[in-house]
Amino acid sequence: MKARLFHKIKQYRTLLLMLSPTLIYFFVFSYLPMAGNVMAFKNYQYDLGIFGSKWVGFENFRFFFISGDGLRVTMNTILYNLAFIAVNTVLQVFAAVLLAEIAGRWFKKITQTVMFLPYFISWVVVGAIAYNLFNYEHGTLNNMLTALGWNPIDIYNTPSLWKYLLVIVAAWKVIGYGTVFYLSAIMGIDKELYEAADIDGANVFQQIRRITIPCLKPTIMILILLGIGNVFRGDFGMFYQLANNPILYNATDVIDTYVFRSLISNGDVGMSAAIGFYQSVLCFVTILAANYLVRSANKDYAIF
């Protein structure tokens, strides 16, 4: 067995050498820090360090849930991410199909570039744009409404509106990035399928329905599974930069922003670590369960 292992290592030594930087990176920055999860079960003190601090068991988790915030931020995180997955998937598939059907080469490239541009804008800049749009006194939106004789809308003091605004802004920012995956999958579809369908008299919409969408199913399922794996993780930059307002917390607070504020305001590293550990375990269990269900239905669509 050892001789066979060494033979394989020697045979693929070039590929293993190329792979080693990635393995080292993930080991140092992903696996090695896992030892810090022990802080979730300790009353962390800076002078005693991670392993020298007093063990308190599940006390840090208990504080999170009895505070009444645990269920609220967890549900917010889940519901927002499910909305992001549903809306973004539909829009990205639609945009990819539309781009694939556009005949003009330069128009297609310009459109794709314009759609991709928001992905590179930081959430800090997006937050500033949103503030200038939605500010009650000087915002562009309220200035337009006032000019039309309508009453201004106090968006930053209306939590219910942000449930829709966050979904819209998230879709606007990532639609170009997600479209690339689906457009690549469409470009990989055998052109003979479309030629045969055209000979049989199928129009464009029938070809999309019968060929393009079915061929996109594996890509759609894999990207949805990856999204479900992060369903308990909120985009910290988006929620913090767009909705960092105490009035909006009940409607917009997610686990990531709650952990950050808890650490900044209370300085309780143990409780913050406990919430982060709780979040990671939920993500791990969710992706395993979702992958199992998909694999049971069709193993070709599963991640592993």
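Mentor: Helices here are DSSP runs of H or I with at least four residues, numbered from the N terminus. The model is predicted, so local features need pLDDT of at least 70 and side-chain atom pairs count only at pLDDT 80 or more, while totals for chains, interfaces and linings use all residues. Residues are numbered from 1 along each chain as its sequence is written, and side-chain values use heavy atoms, with hydrogens and water left out.

Trainee: Which helix supplies the largest share of the lining of the largest pocket?

Mentor: A pocket is an open set of points on a 1 Å grid over the protein atoms alone, where a 1.4 Å probe fits, with protein on both sides within 12 Å along at least five of seven lines; lining residues have an atom within 4 Å of a point. Helix 5 (69-101), helix 9 (159-187) and helix 11 (204-229) each supply at least two lining residues of the largest pocket. The largest share, 7 residues, comes from helix 9.

Trainee: Which residues lie nearest the centre of the second largest pocket?

Mentor: Helix 2 (13-31), helix 14 (255-266) and helix 15 (269-297) each give at least two residues to this pocket's lining, and helix 15 gives the most, with 11 residues. Of the 25 lining residues, those nearest the centre are S30, M34, N37, R233 and S280.

Trainee: How much space lies in the largest pocket?

Mentor: Its lining consists of 24 residues, with F84, N88, Q92, V174 and G227 nearest the centre. A volume is the space filled by probe spheres set on the points, which are joined across faces, edges and corners. For the largest pocket, this space is about 780 Å³.
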